[in-house]
Each structure stands twice: as C-alpha cells, then as structure tokens.
Amino acid sequence: MAELGSKGVTAGKIAINVQKKLTRAQEKVLQKLGKADETKDEQFEQCVQNFNKQLSEGTRLQKDLRTYLASVKAMHEASKKLTECLQEVYEPDWPGRDDTNKIAENNDLLWTDFHQKLVDQALLTMDTYLGQFPDIKSRIAKRGRKLVDYDSARHHFEALQTAKKKDETKIAKAEEELVKAQKVFEEMNVDLQEELPSLWNSRVGFYVNTFQSIAGLEENFHKEMSKLNQNLHDVLLGLDKQYSGNAFPVKAQPRKKTKLFARLRKKMSSDSTPAKANKSPSPPPDGSPITSPETKTVNHDLEPSTLETPGASIPKSPSQPAEAAHAGAEAAGSEAAAGAEPSKTEADSGSSSLPAVVVETFPATINGTVEGASSERADMPPGFLFKVQAMHDYTATDSDELQLKAGDVVLVIPFENPEEQDEGWLMGVKESDWIQRKELDQCRGVFPENFTERVQ
C-alpha cells in the first residue's frame, strides 16, 4: 500500500508539472500574439544582459589562460631539451661544465615553479570566479518561469472577474493562486536584483587581481631567468676565450641571383653608345656638378677610371675605344689630356665606394653644407628607411651586391620590385657613396642583413 501511495504521489506531481508546462506554453503564445500583456522589468533585463556578457568574458579569459599555461608548459619542455642538449655537447674537459649543469638544473626548477604559481594564483582563482555563474544562471531561468506563472495567474483572475456569470468560489481560488504566484516570483526577483549588480561590479577587482598576479609572476620569472642567462653567457665567454682561435665564420644567406639591375642595364645599353657598359663617374672633389651626359661615359674594360671637370685634362689608356677618347679630346683638348694624371676613383661597378681611410676622413659635405646627425630627411635617398652599420667585412660575389667593410654605414632603401627581394638581404647605398654621388643607379646594391646591425 505504501508503494501505491508513493506511486500515486509521484504521478500526481508529474501531472501537476505537466499542467504547469502547458499553462506556461499557452501564456507565452498569447503574449507573443499580443493577446496577453507581459510583466517587464527593464532594470532587471539590463542586469541579465550584463550577467551574460560577464559570463562570456570570463569563459573566454579562462580558455585563454589555459592556453597560456599550456604554452608555458611547452616552453618548459623545449627549454629543458635545449639545456639537456647543451649538457651533452659540453665536453668534460671544457671550463665551466659544472656551472652549465647547475644552470640547467636551476632553469628547470624555475620553469616548474613559474607554471605551478600560475595555476595556484591565476587558474584556480579563475575557476572559483566562474563557479558561481551556473547557479545564478539557473535561478535567472527559474525566475523567468515564475514570472510566466504570475502573469498566467493574473490573467486568469482578471478573466473570472470580468466574466458575465461570476463564480465567487472560482474567483477566490484564482485570487489565492495569484497571491501565491506573486509571492514566489517576488522573492526570487528581489534576491537576484541584489546579487546581479554586485556580481557585475566584482569583475573589476577580479580582473585587476588576476592580471596583477600574472604580471608579477612573469616579472619575477624573467628576472631570475635573466640571471641564469647571464651566468650561462659568462660561462660560454670563458669557453670562447680559451678557444678563441676557432672563430665561427659569419655567412650570408644564399641568394637566388635575381640580377636586380638587369632591366636598368638593358635600358642604359639601349640609350647609350655601343660601349660595353657605361656608368656615371663620381663628381670632382671640389663638388662641381657634371652637367654633360656625354662626359659620364666610362669604359669598364679599363681598370682605372677618369674624372672629367670643365677645363680639366682627361688622359686615355691606349686600350680605350676611339669614340671615348675622341669625346674626351673634344671636352678638354688632346694636348692637355696627354699630360694629365688619371683620377683615383674605381670603375668597377661592384666596388664603387671610397677606401676605408678616405671614408673615415672625407668631410660629409653637400654643396658646402656639413651633414650632421640632424640632417633633413630630404638629404637621404628616395624611399630611405633606416641606417645600418657593417659588423663584418663582406666580399661581393655579384655585380649587384655591395662590397662592405666593417664600420661602413649603409642607407637602406626599398626594392623597386618587392618580389625581387631574397630572404635575409636588404637593398641600400653606402652613406659615403650617397654623399659623394647622389645617384642611386650607380651606387645601390644588395647586401646580407646578418652582416649589419641597425643604428638609426
């Protein structure tokens, strides 16, 4: 009998719940059709919107924090393998072997401590913060259902009151159900009206504490890691001093040999005389400009180049073509050309810069004005990006490459066609060449980026 009674009660509850769901469904349909009014609270709806936004932001932050922790763990493993590799290749007779082992051990401990503190002070706090949202979300949904019950009871009571044939018993019962539904709804509504704004405001303090913890942990971690790196640097410096004769050569990245100036040379050869290749010479040391296009031709089959100025003598080698010699004779006179000294500028297209001593002592003047660190950008070549300084000597292996000496300053400019740029290579002109010539076509070239460092 007890089982039957228990089953009867259970069946009764199920029936009541089913009836409630049907009543709510009918009420919602009537409200959507505009046949029944709906109780609304705009302030509460704003609180719900804030709640959903806060939950979304917190969930995203939790996801990103877990990703960050996974990355820290991956970096720990990678760092551990790297230090293990160093320990393996560090031979027993090398100085500082015990120090490298100790550094590797401390490195591992530091990563482990950093990861664990992130879990304790950030992730667990994040989990606790988000742990309160599911319960509140459930209560908001329940409050919505109770509001529908309240509206339904209110509409039922109003319908009985306005009926032509009134039934006082039904009216009294409907009123009793309305009061009960209103009480349940208001109790839930009042609690949420207090909790939701408080929860929304708590986000500021939570974000502050979380990111302060992460920032503080990162700062301490990097400080300690910096000390370990400095110790490792000192150990390796000692090893380098003992074996200083075995220097590691700096090499440039391989190029695709794209012949950046092929189009330019083709155009020059088609516009000029049948000479093999013509280049613009350097201007005279006194800074006077070269105005005649005819006086710019230089035979690159000859090792020495000549420099023309108005009224100056121009000597010609016996192997120089007759046309070029004739042009020089017309410009300066054949008798003066026989006794003049040739200039010292180089004609080789791959090494147009001045010697190192000259570069250091040559006054950086343009039209009589000394160029200092505060020079206008207009004094730079078109498209100037930044300056680099050569850290190592580089021997050009192609005609479109710059010959570099350690200490040379190069003005970096963009490639005319970005597709022609090889990885690890830059386009530029030596600062000394630019100051002297002011012409890109004859001075610019490519050079390996890893042979230089940026200075400006």
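**Figure 1. Surface and overall make-up of the protein chain.** The accessible surface of the protein chain is about 29,000 Å², and 54% of this belongs to carbon and sulfur atoms. Areas follow the Shrake-Rupley method with a 1.4 Å probe; for residues, only the protein chains shown count as cover. The model is predicted: local features need pLDDT of at least 70, side-chain atom pairs count only at pLDDT 80 or more, and totals for chains, interfaces and linings use all residues. Residues are numbered from 1 along each chain as its sequence is written, and side-chain values use heavy atoms, leaving out hydrogens and water. The protein chain has ten helices and seven strands. Both are DSSP runs numbered from the N terminus: helices are H or I with at least four residues, strands are E with at least two. Of its 456 residues, 33% count as buried. Buried means under 20% relative accessible area, exposed means over 50%, and partly exposed lies in between (1.4 Å probe, protein chains only).

**Figure 2. A stacked ring pair, F114 and F221.** The structure holds eleven aromatic pairs. F114 and F221 make a stacked one, with 4.3 Å centre to centre and 15 degrees between the planes. This pair links distant parts of the chain: F114 lies in helix α3 (residues 97–131) and F221 in helix α5 (residues 168–242), 107 residues apart. Rings of Phe, Tyr and Trp (its six-membered ring) pair if their centres lie within 6.5 Å; planes under 30 degrees apart are stacked, over 60 edge-to-face, and the rest tilted. F114 has 5% relative accessibility, so it counts as buried. F221 is buried too, with a relative accessible area of 5%.

**Figure 3. A cluster of rings.** Ring pairs join F51, Y129, F133, F206 and Y207 into a cluster.

**Figure 4. Arginines over rings.** The charged end of R143 sits over the ring of F44, 3.6 Å from its centre. R454 has its charged end over the ring of F386, 4.1 Å from the centre. A charge sits over a ring if NZ of Lys or CZ of Arg is within 6 Å of the ring centre and within 35 degrees of the ring normal.

**Figure 5. Strand β3 and its partners.** Strand β3 (residues 386–390) is largely enclosed by the rest of the structure, because four of its five residues are buried. β3 pairs with strand β4 (residues 409–413) in the antiparallel sense, over four bridges. Two strands pair if DSSP finds at least two bridges between them. V388 has V410 in β4 as its bridge partner. Three bridges join β3 to strand β7 (residues 452–454), also antiparallel. Here A390 stands opposite T452 in β7.
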